[in-house]
Amino acid sequence: MPSDRLPDIGSTITIEKPAFNLLLSRLKEEGYLPIGPRIKNDSLIYEEIESLEDLPRGYSTEQKPGSFRLVREKHARYFDIIPGSHSWKQFLFPSRVELFTLRKNGKGWENTTQPAEIPSYAFIGVRACELAAIQIQDNIFMRSDFTDPIYRARRQRVFIVSVNCTHPAETCFCTSMGTGPRVKELFDLSLTELDDVFVLTVGSQLARRLMTGIPFDDASGYILTNVEHRLNHAEQQMRRRLDTSDLPELILEHLDHPYWNEIGKRCLSCASCTQVCPTCFCWDTQDEMSLDGKTAKRTRVWDSCFNPGYSHQAGGNTRPTIYSRYRQWMSHKFGTWKQQYGTLGCVGCGRCITWCPAEIDITEEIAALRNEVKR
Amino acid sequence: MTTKKPAVAVYKFSSCDGCQLSILNMEDELLNLAEAIDIAFFLEATRAQKPGPYDIALVEGSITTPHEIERIREVRANAKVVIALGTCATAGGIQALRNFASAEEYAKVVYAHPEYLHYLQTATPIAEHIQVDMELWGCPVNKAQVIEVIVALLNNRRPNLPPHSVCLECKRRGTPCVIVDKGIPCIGPATQAGCGAICPAMGRGCYGCFGPARDVNTDAMANMLLKMERYPGETARLFRGISGYAPTFRTIVDEILPANEEAK
């Protein structure tokens, strides 16, 4: 285990868990701001972390429609949680960001916008479904014909430490969407947690360089088999299914089906599903002006198709009913998204199921619509 | 921008003065506010008064006495624009709890000589008595919204006030939903945004002081909350609070109460 040796890109190694703190220090020296899961006010959130000790060690999560609970377990693992309502979206596509500030200058207006300081984030613990969500948002915000400068500036600097999920939640259905639980690409480092070591696959030149001086071992056949076994087990554990074989046609050909109204009766139109969804990307712009009329500011904020003010235009809202808003959301995710971007807009993370206060389960609703249509 | 500063009057009816204090509490903006408008009548701030008519009347409080009915008509006659300020003025406030009970009974409990009181049986919002041009909800109002409305009036445009529920504000500030995360009853999904979702951010449920949101699914709200009640009648109590006299919240409680009775 000579410390001057560096792992090859694509190789899989193991490190002692405390050595991960060396990696975090190395990232900070390189100017990165590490963000990871941590518990604050008894809630699981994504926020800046200083060291491994900030991670939710020994915790698991229990998730079901309308309910999220942190559970203290006897294990000592750091990454056994399944993420909560936060997603990496909030760092790449911030919920509130200033677009510009104008100041009156004689007869005209002067742009006095201060260039925003954009941190270089190191995302610690990105799940396979979340990587797929980032990829989907890349397609939206960094198109060849249009690029969102706010998103791009943040995205291009991100360092990603992904995590293979070995304990999926009850609301997870990534296997149905083909996104997980196994991480395959788009990472700098891919981590799998075993009881005694972290297993890392090196995915980039930068990650390789960051390993300088950090003691590691090549992953043995036994370790690799162990990782494989855990991931297979995770796949088998995932009971929730979403049949995508007849999507998007099932939805797009039955937009007038009475079943939509049945969902509308249960939906609160609160917008939570769209806000916790790691692929939803709608925003609104808000203008404000100072009392003296000399300063004007435009801000971009997260918006939602469930907002009664969304798509409000002359004559009113084009979707005046709750069911029509739900249908808009679901038919976009599982229908028109495909026409727009070539993939479905869902990665199977299950957030919209867990975080719906009315306990609406999108996998059950699609199955129910299918049954109703067949009748 | 108008060349002459608009004359503004601030009135108090039955209320706690908290909304007027929200104006005085603007601190950083207060000097700019005094520059932008002519504060002609504001007894909470100064006894100096300029005679009307006024361009804008900001009215705090609900109508609870016969004398207040007369006074609010004078306010209307004396102002071009009348803005109801805070949930007393828009929905009757906490004193509107008497609307669901007997005002006499309450008076007897509180006062040694209730016969000296002159009061109405109900506490009602300003708009039940005069035409109101705009309502700003909240207990108290959000000072940023007060400024937004004044700036909008100065610039002859519609104010930007959120049409959605509190949930969107929780998500924007990164507060995990207290219903899902903690099992805390919260009426945020049925409540109009504007406060910045301060209560859930402090780990408690929204109690609806900004009044009902648009397009509330009353059945679904009642169903969700009845399932998670920590004591019988909790849901009805949540809706019958500061904004309890607002029509949407009244509807929800009317739906729930018979069910509660049956459960007994």
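Visitor: How many Å apart do the C-alpha centres of domain 1 of chain A and domain 2 of chain A lie?

Guide: This is a predicted model. In it, the two centres are 28 Å apart.

Visitor: Which residues belong to domain 1 and domain 2 of chain A?

Guide: The assignment gives two segments to each: 12–94 + 115–237 for domain 1, and 249–283 + 303–374 for domain 2.

Visitor: How is the size of an interface often given?

Guide: A usual figure is the accessible area lost when the parts come together. For domain 1 and domain 2 of chain A, about 2,300 Å² is buried, with carbon and sulfur atoms giving 66% of it. In residues, 30 from domain 1 of chain A are in contact with 30 from domain 2 of chain A.

Visitor: Which elements give two or more residues to the domain 1 side?

Guide: In chain A they are β4 (59–64), β5, α3 (128–141) and α5 (174–177). The most comes from α3(A), with 9 residues. By residue class, the domain 1 side that touches domain 2 of chain A has 15 nonpolar, 11 polar and 4 charged residues.

Visitor: Turning to the two chains, how much area is buried between chain A and chain B?

Guide: About 3,000 Å² is buried there, and 58% of that comes from carbon and sulfur atoms. On the chain A side, A:Leu268, A:Leu291 and A:Trp355 lose the most area to chain B, together 24% of what that side buries. The contact involves 45 residues of chain A and 35 residues of chain B.

Visitor: What is the count of salt bridges and of polar contacts between the chains?

Guide: Between chain A and chain B there are 2 salt bridges. One of them joins B:Lys227 to A:Glu359, with the closest N and O atoms 3.5 Å apart.

Visitor: Which elements of chain A give two or more residues to the side that touches chain B?

Guide: Among them are the strands β3 (43–48), β5 (67–72), β13 (283–289) and β14 (295–302), and the helices α9 (259–266), α10 (272–276) and α11 (322–341). The residues of this side divide into 17 nonpolar, 18 polar and 10 charged.

Conventions. Residues are numbered from 1 along each chain as its sequence is written. Chains are lettered from A and ligands numbered from 1 in the order in which they are written. This is a predicted model: local features need pLDDT of at least 70, side-chain atom pairs count only at pLDDT 80 or more; totals for chains, interfaces and linings use all residues. Side-chain values use heavy atoms; hydrogens and water are left out. Contact means heavy atoms within 4.5 Å. Buried area is the accessible area (1.4 Å probe) that two parts lose on being put together, summed over both. A salt bridge is a side-chain nitrogen of Lys or Arg within 4 Å of a carboxyl oxygen of Asp or Glu. Helices (H or I, at least four residues) and strands (E, at least two) are DSSP runs, numbered from the N terminus. Ala, Val, Leu, Ile, Met, Phe, Trp, Tyr, Cys and Pro count as nonpolar, Asp, Glu, Lys and Arg as charged, and the others, Gly among them, as polar. Domain bounds come from an automatic or database domain assignment.
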